[in-house]
Amino acid sequence: MTDLLNQPSNSQFKFSREKILAFTLILPSLILVFITYLYPAIFTFVISFAEYDIIRLKIKKFVQFKNFEFLISNYLFTSSVLRTIYFGFLICVCTTILSFLIALLLNEKFIGKAFLRVMIVLPWAVPSVVSGVLWGQMFHADTGFLNALLYQLGVISGYKIWLADPLVALHVIAIAEIWKAIPFMTLFFLSGLQSLPSEVFEAAAVDGANVFQRFSNILFPLMLPIAIPLFLIQFVLAMKSFDTIFVLTRGGPGGGTTTLNYFIYQEAFETFNLGRASAAAYVLLIITLAVVLIPTISRFLIKFFWGNK
Amino acid sequence: MKKNLILKNFFIYFSALIVFFVMFFPLYGLILTSIQPENIIRSRNLSFFPKEVIFTHFAEVLKPNHISNIYEGIRNSLIVSFLTSFLCIILAFPAAYSLARLNLPAKNIILGTLISIYFLPTILFVIPLFVILVSYQLDDTIFSLVVPYTAFTLPFVIWILKSFIDKLPVEVEEAAKIDGCSTLQLLIHIIFPLLRPGLIAAFIFAFILSWVEFLTPLIFTNNLKISTVALGLFRSTIDIKIGQQAAAAIITLIPVTILMIFFQQYITKVVLSGSDK
């Protein structure tokens, strides 16, 4: 009788001991992550409603929604929000399409494939500062390769100052970001392609489906579950980009390349307006969450309303 | 059919060539700039094949009395990157094991939270960290770089190690447990050696991320003495000598590139093991 009573409690004890062990093993990591993320996130949230004294390092006074009101009425802020969304969208569309095409190429058999793969992965290892320097030199007005190339080909009659035009400068930064983002996504697409069953394609080829039919009816739907998360991740990462902008244009000319992330940096560490910077950081966070959550929510809704049919 | 195959091959090699040129040309341009005299770089009849190769830009940059001292930068970056990778592994290894094998409640939520942190805007955390570091006078120290780097890299490293542990055969651990091996012994004597490829991959991953980090040192350090390579390179962009700038960029690039080429196998393995889960 005592045995019977003891047994469940004994196993429960063992069970909880494993839980304690599991927690002890992960605890140091969690503590570090919480100190460096959660506490700052709360801190930023609090001072987004306050004026912060940067010299005495304490909150001067709470101003309620003043920081947010200031931001919304500020043209520089609203334009940088729109620019950030355009910038992020441009980068992730281009990166996704190009990476997918390169992955399709790398999925074929040809001589020099291993070499090409190393060459494609290389930009990922390039520190973003180096990539900033590199593209800065590429588009340099006096010494840039692009000017030299186009001039020698006779496309342009004189050397152009690329980075002086806000719109061109923004796209130059986008090119730099895309070039750096391609490797990582290509590797993911490639691993996705290699995990596809080849029998399906062979069967389709036997059935007489042409290349485009095979692409749109088999490959595209099969790759979509891999492509959507990659697309979203790239969107979020593109909105975070800072280094290239800092090195190439510092947000200029005329604020033409100031994305929201850069705007926050300027508010926080150039004009030292930490309250406003924190408010803007939360706006960026909300946009980021929206980008990540909208597809998830819509998928959930689709499943909810149409899934059972 | 045969004609079709030739056409297909032609198409493949043609596009491979285009991809190669587009991806490699920017780097080629950088190399070209670093090995040509300043007057040729600046002249308008620029050639894409160097007629005269010189290494004076590298020599200038590597001089100990150069404006932005590259040795200091490399030393600091090495210290910071090694410490970060080391700390990451020590923290992530037990955490990853706990997530992969032990009966940890809310496992998926913990892992999901850790990974999703990476996608939040970094600047959100940097502002208060800056305030904290300044108020404890910890800015401008190695510490102010290593701790944030470790925290930024840790979620990824945990994820890498977890996917490697997932692939290890459970039988080995079960056999060890039957033989009376405690979890700690199991971790140190059995999992650790088995996990060597994963640990190397994770170490390199953390190393590369710390080596290229730019925003954190930019904000947390002002002192030139603890400037990292990336920051030093940026400071050299103020200098107008384009050839030297390119040379400095290549010197910054070399360690990461060597790591990438040598360990591309490992990194591909990580990416593969992550996505087909």
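How are H2(A) and H12(A) oriented to each other, roughly parallel or roughly perpendicular?

Modeller: This is a predicted model, in which local features need pLDDT of at least 70, side-chain atom pairs count only at pLDDT 80 or more, and totals for chains, interfaces and linings use all residues. Residues are numbered from 1 along each chain as its sequence is written, while chains are lettered from A and ligands numbered from 1 in the order in which they are written.

Helices (H or I, at least four residues) are DSSP runs, numbered from the N terminus, as are strands (E, at least two). Two packed helices are described by the angle between their axes and the distance between the axes. Helix H2 (residues 66–73) of chain A packs against helix H12 (residues 274–306) of chain A at an angle of about 70 degrees, and their axes are 9 Å apart. Axes are lines fitted to C-alpha atoms, for helices over the stretch in contact, and angles run from 0 to 180 degrees between N-to-C directions. H2(A) and H12(A) are therefore roughly perpendicular to each other; angles of 65 to 115 degrees count as such, those under 35 as roughly parallel, those over 145 as roughly antiparallel and the rest as oblique.

From H2(A), the contact involves Asn67(A), Phe68(A), Phe70(A) and Leu71(A). H12(A) contributes Gly275(A), Arg276(A), Ala279(A), Ala280(A) and Val283(A). Two residues are in contact if their C-beta atoms, placed from the backbone, lie within 7 Å. By class, these residues are 6 nonpolar, 2 polar and 1 charged. Ala, Val, Leu, Ile, Met, Phe, Trp, Tyr, Cys and Pro count as nonpolar, Asp, Glu, Lys and Arg as charged, and the others, Gly among them, as polar.

Beyond this pair, 71 residues of chain A are in contact with 76 residues of chain B. On the chain B side, the largest share, 13 residues, comes from helix H1 (residues 2–34) of chain B. That side of chain B has 57 nonpolar, 16 polar and 3 charged residues.
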